[in-house]
Amino acid sequence: MQYSIVIPVYNEEESLLPLYKEIMEVIKARDDEAEIIFVDDGSSDSSWAVIESIAEDDGRVSGIKFRRNFGKAAALDAGFQKATGKYIITMDADLQDDPHEIPEFLDLMKDKYDVVSGWKKQRHDPWHKVFPSRVFNAMVSGLTGVSLHDHNCGMKSYVREIFDEVRLYGELHRFIPVLAAARGYRVGEKVIQHRARKFGSSKYGFARFIKGFLDLLTVKFITGYGQRPQHLIGTIGLLAFGTGGLILTILAACWLFSRIPCCGFTEPYHLSGRPAVIYSAALMLFGSQLISIGIIAELFLSWKNRSGTEYSIEKRIGDEGRSDKRK
């Protein structure tokens, strides 16, 4: 299989058939060996019925249906595990991504990159969504060192091997290029056409940016210290423990020298009732706890993560002759 197109779906019944027809125009025009994988993330409308109907008429189409809404990252992960193509292309199901961009993505993958991220340079969204998104993208690029204009863009392409190494959970789907770059994959971007939404409504609100910031902290930790958590946690712990110990040492020295007549103290130095004693002891306790947590994290990492997927699949279409690839 040349490439697989993975499309997460959540209440997009009106746009699925037009999207499928546009994708098929591209596949037939190039005579490509390709597959389309729709992942229904617990839709409450008739999206799954539309997927079933399309899959019955076209063997290149398959579908996965979740029992409930597990989130876009889970939907993409399920599609990635099922995909058999050399390249994997992701698109949103709302028709705002143009399937006719696919050939250019593939050309860039063959010549230069392992990951190509779309860049919606001209967006058809209100300013209160565009401005926070630009701030977020600048922050992600600055903190991670992966300079992309649009980390949130749903249209991206990847080499298949990435998903043997990168595991998705939570809301980390938008950070796949960052996670891939941390493992040495080449990441680039491409300006794409952003089309106005024809059907339905946006699934994203303000909470998306709060979650995105928290996930950014997670990604920063994973990419910077994922294989050596003690280097970060332990360093902070040692600084806290050392600072507390230094303050206590100074206070103890003052207490001791104040009782030696030749040291110049006019009266004995008392430790009782001094907040500095409590603060320094608290710093030492906090530091020792962080060091212990770092050791536990290192032990956990060495033991290996054996947790399973966080989604539950209710139905599948098009599994004949295939098996999911799980790592």
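**Loops, strands and salt bridges in a predicted model**

Good morning. I begin with D31, which is exposed, because its relative accessible area is 68%; exposed means over 50%, buried means under 20%, and partly exposed lies in between, with a 1.4 Å probe and protein chains only. The structure is a predicted model, in which local features need pLDDT of at least 70, side-chain atom pairs count only at pLDDT 80 or more, and totals for chains, interfaces and linings use all residues. Residues are numbered from 1 along each chain as its sequence is written, and side-chain values use heavy atoms, with hydrogens and water left out.

Let me stay with D31 for a moment. D31 sits in the loop between α1 and β2 (34-40). Helices (H or I, at least four residues) and strands (E, at least two) are DSSP runs, numbered from the N terminus. D31 has a positive phi of about 55°, although it is not a glycine. Most residues other than glycine have a negative phi. N11 also has a positive phi, near 55°, and is not a glycine either. The loop that holds N11 lies between β1 (3-9) and α1 (13-30). N11 counts as partly exposed, because its relative accessible area is 22%.

Now the chain as a whole. Nine helices and eight strands make up its secondary structure. Of the 327 residues, 45% are buried. Where contact means heavy atoms within 4.5 Å, residues 24 or more positions apart account for 81% of the contacts with a separation of 6 or more. The chain exposes about 16,900 Å², of which carbon and sulfur atoms supply 58%; such areas come from the Shrake-Rupley method with a 1.4 Å probe, and for residues only the protein chains shown count as cover.

Next, the strands. How many of the residues of strand β5 (residues 115-119) are buried? Five of its five residues are, so the definition of buried, under 20%, applies to each of them. In a regular strand the side chains alternate between the two faces of the sheet. In β5 both faces are covered: V115, S117 and W119 are on one side, and V116 and G118 on the other. Two strands pair if DSSP finds at least two bridges between them. β5 runs antiparallel to strand β6 (residues 156-159), joined to it by three bridges, and S117 has K156 of β6 as its bridge partner. With strand β7 (residues 187-191), β5 pairs in the parallel sense over five bridges, and there W119 stands opposite V191. β7 itself has a covered face, G188 and K190, and an uncovered face, V187, E189 and V191.

I turn to the helices. Helix α8 (residues 229-257) has 29 residues and reaches 41 Å from its first C-alpha to its last, close to the 42 Å expected at 1.5 Å a residue; that expected span is 1.5 Å times one less than the number of residues. Among the buried residues of α8 are I233, G237, A240 and G244. An α-helix has 3.6 residues a turn, so residues three or four places apart point the same way.

T223 belongs to helix α7 (residues 207-225). T223 is partly exposed, because its relative accessible area is 29%. Leaving aside its neighbours within four places in sequence, T223 touches V178, L179 and A182. T223 and L179 are 44 residues apart in sequence, yet 6.5 Å apart in space, C-alpha to C-alpha.

Finally, the salt bridges. A salt bridge is a side-chain nitrogen of Lys or Arg within 4 Å of a carboxyl oxygen of Asp or Glu, and by this rule the count comes to 11. D32 forms one with R30, with the closest N and O atoms 2.7 Å apart. D32 is buried, because its relative accessibility is 10%, whereas R30 is partly exposed at 29%. R60 and D58 meet in another, at 3.1 Å from N to O. Here R60 is partly exposed at 33%, while D58 is buried at 6%.

Which residue forms a salt bridge with E165? The partner is R183, with the closest N and O atoms 2.6 Å apart. This pair links distant parts of the chain, 18 residues apart: E165 is in the loop between β6 and α6 (176-182), and R183 is in the loop between α6 and β7. E165 is partly exposed at 37%, and R183 is partly exposed at 48%. Salt bridges that share partners also join E22, D98 and R195 into one network. Thank you.
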